Amino acid sequence: MSGAPSLIDRIRAALQPHGLFLRGSLGFDAADGPLLPSGSAARALVLVGNLGGSLWPVFNRWRAEEGTRGAPDPLDRWSKQIISPVAADHGATAFFPSDPPWQPFQQWAMRAEGLKPSPLGILIHPAYGLWHGYRGALAFEEVPDGFEASETVGHHPCDHCAAKPCLSTCPAGAILPDGFQYVACRTFLGKRDGALCLGGGCVARNACPVGTEFRYPEEQLRFHMAALKRL
Ligand code: B12
């Protein structure tokens, strides 16, 4: 049946010019969803994020035009500036990954997209590898028109990766079999040799053979490493 675009299609169209994509959708049973300002728990949610460097040109232009250089957390502020009005226009409540209390974005993504964590802790995507992220979520009190829980991907690339270069390349020794050692990483970034990661991006993340064509542009790699160092 043809006709007016669904709410979900309209949200998708509103985000796309900003290099943001609907990353998957999920429904919640009674009280499992995040709490909305109305006091009810959300019954449905769509995740919004970047695929490869999709947001970088738009965000970078905004940074230059707004003269925000130096002000803290520009990517978080940009994400809110784009996503909040889209949520308001479509009867949704926006949630953001860095806002406390932290919402379980990775658990949502695992359910919505069927992704699993890589040894780095970041979820790996079969096509985009480690080169994707979440910039927000739109949560609904009622399941919206045109809403379907998304299809999940079938396989986990790390299961088929014998070499696992992510585990052996970190110059800080911060990637251990039991997870990412944040303190070791940050300490290394503060030393002279840390320039390697600050200048070219996380060496372990760069070593992943999956989705290399979606690796973030150099400037974006440096932006994320500088943010990690500042935390
Ligand atoms: C706190 C945090 C960190 C802390 C982790 C401290 C710790 N040990 O928990 C620090 C500052 C170290 C960190 C680093 C990074 N992070 Co971080 N982080 C978060 C944040 C804000 C909260 C995590 C959390 O506790 N959530 C609350 C619980 C309830 O949610 P959950 O889904 O159930 O939690 C899962 C995570 O906690 C995960 N987890 C546990 N330990 C760690 C450690 C790391 C490094 C990661 C990535 C995940 C992770 O396991 C849980 C179960 O699945 C999330 C955003 C969010 N709201 O989830 C981003 C998030 C997990 N981070 C993300 C990213 C990309 C990074 C960095 C790569 C950023 C960078 N600048 O380079 C680095 C990782 C560096 C590396 N080499 O791997 C992304 C992951 C996207 C993806 N593809 O999966 C998220 C989702 C933010 C986003 N905007 O997309 N992060």
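A nitrogen atom of the ligand is 3.0 Å from a polar backbone atom of His-224, a polar contact, meaning a pair of N or O atoms within 3.5 Å. This is a predicted model, so local features need pLDDT of at least 70 and side-chain atom pairs count only at pLDDT 80 or more, while totals for chains, interfaces and linings use all residues. Residues are numbered from 1 along each chain as its sequence is written, and side-chain values use heavy atoms, with hydrogens and water left out.

**Around the ligand**
- The ligand is surrounded by 23 residues, counted when one of their heavy atoms lies within 4 Å of it.
- Gln-103, Gln-106, Gln-107, Leu-123 and Tyr-134 are the closest of them.
- Sorted by class, that shell holds 14 nonpolar, seven polar and two charged residues. Here Ala, Val, Leu, Ile, Met, Phe, Trp, Tyr, Cys and Pro count as nonpolar, Asp, Glu, Lys and Arg as charged, and the others, Gly among them, as polar.
- At least two shell residues come from each of α4 (105–113), β6 (132–140) and α8 (218–230). Helices (H or I, at least four residues) and strands (E, at least two) are DSSP runs, numbered from the N terminus.

**Two domains**
- The chain splits into domain 1 (7–155) and domain 2 (161–230), with bounds from an automatic or database domain assignment.
- To their contact, domain 1 brings 23 residues and domain 2 brings 21 residues; contact means heavy atoms within 4.5 Å.
- Taken over C-alpha atoms, the centres of domain 1 and domain 2 are 24 Å apart.
- So where does the ligand lie? Both domain 1 and domain 2 give residues to its shell, so the ligand lies between them.

- Pro-100 and Pro-101 are joined by a cis peptide bond, with omega about -10°. You'll find Pro-101 in the loop between β3 (93–95) and α4.
- Asp-73 isn't glycine, yet its phi is positive, near 50°. Look for Asp-73 in the loop between α2 (56–66) and α3 (74–89).
- Lys-164 also has a positive phi without being glycine, this time near 40°. Lys-164 sits in the loop between β6 and β7 (175–176).

Notes:
Polar contact = N/O pair within 3.5 Å; in protein donor to acceptor, adjacent residues only side chain to side chain.
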